[in-house]
Amino acid sequence: MTHHCTPSLRRRTLLAAGLLPLLTAAPALAADAWPVRPIKWVVPYLAGTGPDTTARIMAEAVSKELGQPVVIDNKGGAGGNLGARQAAKAAPDGYTWVYAGSPMAASMRMYRQPGYDALKDFRHVIGLTSSDTVVVVNAQSDIRNLADLLARMRAQPGKLDYASGGVGTPSHLGVEMMLSVSHAQATHVPYKGASEIVNAVLGQQVTFGAPITAVAYSNIMADKLRPLAVTGPARNPKLPNVPTLAEAGLPGVELTSWGGVSVPAGTPDAIVSRVRTAFESALRQPAVVAALEEQGGMVHLQDSDTFTRAFVKEISFTEGMMKRIKLEPM
């Protein structure tokens with residue numbers, strides 16, 4: 001006698017073996033249960049930089065939303081490429097994020113082999129903040145304004161030096177653009193991030209720098225740094241008396257730095273949407289927004305598509321800029 005295994009019989013056998021619920025629920029479970037352990041947020045810059053401060057404020061708020069700790073992992077170096085490379089290779093399971101932004105996009109052109117592709121290796125989840133940069137000198141300096149600085153650079157080509165947060169960072173590109181437009185020369189001294197630019201200007205190892213405003217802000221307020229101009233399209237509300245580059249006599253030079261959260265390509269939609277929702281909820285809290293803006297940055301929420309388009313735009317901006325200042329990729 002032959003046994004015809006009917007669908008209902010097969011179903012009973014699987015049920016008896018306890019397999020059916022597992023088979024049907026596996027994908028749903030992974031996303032529903034996420035996160036079940038701490039999440040690592042790679043910040044490809046040193047502690048104390050603008051992105052690091054932003055990430056720390058956000059990590060605390062978002063970990064409450066998700067019910068798991070979000071642990072900051074600082075991986076500075078190579079203009080942010082070391083950390084980005086590490087995050088690009090991480091498992092796409094929602095447990096590794098990267099603080100991604102304009103320097104990551106710029107690296108696609110600044111470096112011959114950055115070691116990752118900003119557009120293919122990541123899903124860009126949400127844009128969080130943007131900041132201008134600010135041209136600063138030591139408060140003891142006799143350089144009073146941007147016109148003084150430019151006049152001195154023209155009088156002594158290459159004699160004055162400036163600190164940047166590394167090749168291809170906004171603090172490097174911004175100054176090179178400024179020099180190109182004003183036909184001035186200065187010597188570039190790359191450091192490892194905006195906090196190091198501030199220290200170099202404070203310690204008078206260099207004449208000037210253009211760190212992210214958020215990082216220079218406390219020293220400007222303490223009268224240790226003198227701000228000469230901001231690089232955004234408008235004055236920074238935190239520094240209402242500081243002119244823009246255009247107002248200070250350099251039209252056509254504008255630069256803002258921006259950042260947010262990205263995850264390895266291949267991270268499931270359900271997890272990406274949980275991450276996005278957690279950040280959106282955190283940014284509805286006035287205390288979180290106030291903490292971010294206190295640094296001199298601006299909350300600038302961008303959905304996934306807009307944030308991704310910002311990378312595309314920044315890559316072509318960098319390309320154009322490198323041609324203009326005759327900068328070869330490294």
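1. The protein has twelve helices and eleven strands. The model is a predicted one, and the remarks below should be read with that in mind.

2. Overall dimensions. The C-alpha trace spans about 105 × 40 × 30 Å along its principal axes. The protein has 330 residues, and 51% of them count as buried. Accessible surface amounts to about 15,100 Å², with 55% of that area belonging to carbon and sulfur atoms.

3. Contacts along the chain. Taking contacts between residues at least 6 apart in sequence, 77% join residues that are at least 24 apart.

4. Rolling a probe the size of a water molecule over the atoms shows where empty space is left. A search of the whole structure gives two cavities of 30 Å³ or more.

5. Lining of the largest cavity. This cavity is lined by 31 residues, and those nearest its centre are Thr49, Gly50, Pro51, Ile212 and Ser257. At least two lining residues come from each of α3 (50–66), β3 (96–101), β4 (122–132), α7 (170–182), α8 (194–202) and β10 (256–264). Helix α3 gives the largest share, five residues. By class, the lining holds 14 nonpolar and 17 polar residues, and no charged ones.

6. Lining of the second largest cavity. Which residues surround this space? They are Pro44, Tyr45, Gly79, Gly80, Asn81, Ala84, Tyr99, Ala100, Gly101, Pro103, Met104 and Tyr116. Elements α4 (81–88), β3 and α5 (102–110) each supply at least two of the lining residues, and the largest share, three residues, is from β3. Here the classes are eight nonpolar, four polar and no charged residues.

7. The largest pocket. Its volume is about 500 Å³. Of the 21 residues that line this pocket, Thr256, Trp258, His300, Lys313 and Glu314 are the closest to its centre. The elements giving two or more residues to the lining are β4, β10, β11 (298–302) and α12 (304–324). The largest share, six residues, belongs to α12. The lining of the pocket has eight nonpolar, seven polar and six charged residues, whereas the lining of the largest cavity has no charged residues.

8. Serine 182. Is serine 182 buried or exposed? Its relative accessibility is 3%, so serine 182 counts as buried, the cut-off being under 20%. A polar atom of its side chain lies 2.7 Å from the backbone oxygen of methionine 178. Leaving out residues up to four places away in sequence, serine 182 touches Leu150, Arg154 and Leu250.

Methods:
Residues are numbered from 1 along each chain as its sequence is written. This is a predicted model: local features need pLDDT of at least 70, side-chain atom pairs count only at pLDDT 80 or more; totals for chains, interfaces and linings use all residues. Side-chain values use heavy atoms; hydrogens and water are left out. On a 1 Å grid over the protein atoms alone, a cavity is a set of points where a 1.4 Å probe fits but cannot get out, and a pocket is an open set with protein on both sides within 12 Å along at least five of seven lines; lining residues have an atom within 4 Å of a point. Grid points are joined across faces, edges and corners, and a volume is the space filled by probe spheres set on the points. Helices (H or I, at least four residues) and strands (E, at least two) are DSSP runs, numbered from the N terminus. Ala, Val, Leu, Ile, Met, Phe, Trp, Tyr, Cys and Pro count as nonpolar, Asp, Glu, Lys and Arg as charged, and the others, Gly among them, as polar. Buried means under 20% relative accessible area, exposed over 50%, partly exposed in between (1.4 Å probe, protein chains only). Contact means heavy atoms within 4.5 Å. Accessible areas come from the Shrake-Rupley method with a 1.4 Å probe; for residues, only the protein chains shown count as cover. A polar contact is a pair of N or O atoms within 3.5 Å; within protein, one must be able to donate a hydrogen and the other to accept it, and residues adjacent in sequence count only if both atoms are side-chain atoms.
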